[in-house]
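Shall we take a walk through this model together?

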Amino acid sequence: MKKRVLLGMSGGVDSSVSAVLLKEAGYEVIGATMQLCENSGSEVAIEDAKKVCDKLEIEHHVIDLKNEFKDLVINNFVKCYSCAKTPNPCIECNKHIKFGKFYEIAKTLNCEYIATGHYAKTQLLNKYNQVVLKKSKSKLKDQTYFLYGMPKELLDKVIFPLSDFDDKEQIRKIAEEKNLTIYKKPDSQEICFI
């Protein structure tokens, strides 16, 4: 029986190729796009993710997390900024939304794992007898700085399919070879709610 994985799909190249790689590795992939805020780009992201899922013949869900995102990420950002602190909303989003809430949703869909298109790696370290977060192979795209706050108890439930790739061009080439129309889509910008 295939192991089920819930993949966070932004409609971009990285998450789309992650779906390809997970399927090729033998997982039963369920795609999910999170609605985090009201903006014109979210509908395009949902549509792009749905097209990729249709092409790859995988199930796709749209998950409304706007209230949670506002409470846990935006309000925290505003509060910190008003106190002359330098908040990093991406760290809070990853900790609370993209991994915390997302794993809760994965369990309701009977998924054993969650996955994202982040450039990061997990590894079991025997000397500590635990799974740890490690840098990806890509020196330019590594995103572990934004992931350090993710719940440690979830590290053995997270898959990062892009962990061993050197650069984005390799990912774009896979997307093009698989005839995914998003292969030329530009990278997303940080602080999505601005």
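The paragraphs below go from the sheet to the helices, then to the cores, the aromatic rings and the cysteines.

A word on conventions comes before the tour. This is a predicted model, in which local features need pLDDT of at least 70 and side-chain atom pairs count only at pLDDT 80 or more, while totals for chains, interfaces and linings use all residues. Residues are numbered from 1 along each chain as its sequence is written, and side-chain values use heavy atoms, with hydrogens and water left out.

Let us begin with the strands. Helices (H or I, at least four residues) and strands (E, at least two) are DSSP runs, numbered from the N terminus. Two strands pair if DSSP finds at least two bridges between them. An open sheet of 5 strands has the order E3-E2-E1-E4-E7, and its pairing is parallel. At its edges are strand E3 (59-64) and strand E7 (158-159), each of which pairs on one side only. If you look at E2 and E3, you will find them joined in the parallel sense over 6 bridges; Ile 30 has Glu 59 in E3 as its bridge partner.

Another pairing is antiparallel: strand E5 (residues 121-125) is joined to strand E6 (residues 130-134) by 5 bridges. Leu 124, for instance, has Val 131 in E6 as its bridge partner. E5 and E6 form a hairpin with 4 residues between them, and Asn 129 in the turn has a positive phi of about 55°.

Now for the helices on the sheet. Axes here are lines fitted to C-alpha atoms, for helices over the stretch in contact, and angles run from 0 to 180 degrees between N-to-C directions; contact means heavy atoms within 4.5 Å. Helix H1 (residues 13-24) lies across strand E1 (4-8), E2, strand E4 (113-115) and E7, and runs at about 165° to E1. H4 also packs on the sheet, where it touches E1, E2, E3, E4 and E7, and its direction makes about 140° with that of E4.

Buried means under 20% relative accessible area, exposed over 50%, and partly exposed in between (1.4 Å probe, protein chains only). The largest nonpolar core has 28 residues, and those with the most contacts inside it are Leu 6, Phe 69, Ile 97, Phe 99 and Ile 114. Strand E2 (28-35), H3 and helix H4 (89-108) each supply at least two residues of this core, with the largest share, 7 residues, coming from H4. Apart from this core lies another, of 26 residues, including Met 9, Cys 53, Leu 56 and Leu 162.

Lys 95, found in helix H4, is partly exposed, with a relative accessible area of 29%. Not counting residues up to four places away in sequence, Lys 95 touches Gly 100, Gly 149, Met 150 and Pro 151.

Next come the aromatic rings. Rings of Phe, Tyr and Trp (its six-membered ring) pair if their centres lie within 6.5 Å; planes under 30 degrees apart count as stacked, over 60 as edge-to-face and the rest as tilted. The structure holds 5 aromatic pairs. The rings of Phe 77 and Tyr 81 are stacked because their planes are at 10°, with centres 6.0 Å apart. Both residues lie in helix H3 (residues 66-82), 4 residues apart, about one turn of the helix. Phe 77 counts as buried at 17% relative accessibility, whereas Tyr 81 counts as exposed at 59%. Tyr 145 and Tyr 148 form a tilted pair, 6.2 Å centre to centre with 50° between the planes. Cys 53 counts as buried, at 0% relative accessibility. Cys 80 is in no disulfide either, as the nearest cysteine sulfur, that of Cys 83, is 7.1 Å away. Cys 80 also counts as buried, at 16% relative accessibility.

Definitions and conventions: Core = buried A, V, L, I, M, F, W, Y, C linked by side-chain atoms within 4.5 Å. Disulfide = S-S within 2.5 Å.
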